[in-house]
Amino acid sequence: MEKEPPVYSVAKLFDSIAIDADWDKPAWQAIQPLLINNHMGAEPSHRPKVLAKLAWDETALYVIFRVEDRYVRAVAQTYQDPVCLDSCAELFFTPAPALSDFYFNIEINCGGTMLFEWHPNATESIPVAATDADRVTIAHTLPKRVDPEIKDPTTWTIEYRLPFTVLRKYCPAAVLPAKDVTWRANLYKCADKTSHPHWLTWTIVDFPRPNFHLPAYFGALKFDEQPGERELRLR
């Protein structure tokens, strides 16, 4: 990438929060969202409004997505099923400050089914073991199965807590968050096999066809204890 990547400031949580997919709870209200609004492939006929927020504490990363959507479906039911074919929100990240070929991808459909992989290099993909994935706490507002597709306007939310110990098991060199530590990442929304497919990204990905596995285009997540004018004491 020739120009500077976008940077999102990841706020620190000073109290534990419930993982319940509540976008409006106080813990998230003080945190600014990022917008997932760039697209890959042809201009989509349906472009949902997709917001995400991230936070951290000493033990885990917290992520929440809010999607104002239509043509929503969730067919994948089992861990590591191809959830990208459904209405799906995704986080790809390198737990280190520099761009690299290694990264994790976490993909969760609107019904809460997850795919979680570790890529130690540009050619290898390692599924995260189910016993490790079970340590990721996930909440979602829609039923586990959404079929037939919901064509009417529908807002859905997914939220999860990712323990850093899971990351360190697969990537011992992972740089754990602390003030001013930076990770590289991109966030996505897709719906490959719905009636209105789309591939939306946080950072611009200059590639001729939809492909999220391009860490060269990751933006930056900067971990901070003071992302605003005052220290956030989140409750």
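**Salt bridges and burial**

Guide: A network of salt bridges links Lys12, Glu58 and Glu225. The model is predicted, so local features need pLDDT of at least 70 and side-chain atom pairs pLDDT 80 or more, whereas totals for chains, interfaces and linings use all residues. Residues are numbered from 1 along each chain as its sequence is written, and side-chain values use heavy atoms, without hydrogens and water.

Visitor: What makes Lys12 and Glu58 a salt bridge?

Guide: The term requires a side-chain nitrogen of Lys or Arg within 4 Å of a carboxyl oxygen of Asp or Glu. The closest N and O atoms of Lys12 and Glu58 are 2.5 Å apart, and the pair forms a salt bridge.

Visitor: Why is Lys12 called buried?

Guide: Buried means under 20% relative accessible area, exposed over 50%, and partly exposed in between (1.4 Å probe, protein chains only). Lys12 has 9% and therefore counts as buried.

Visitor: Why does Glu225 count as partly exposed?

Guide: Its relative accessibility is 26%, so Glu225 counts as partly exposed.

Visitor: How do you know that strand E7 is largely enclosed?

Guide: Seven of the seven residues of E7 (residues 88-94) are buried, so the strand is largely enclosed by the rest of the structure.

Definitions and conventions. Helices (H or I, at least four residues) and strands (E, at least two) are DSSP runs, numbered from the N terminus.
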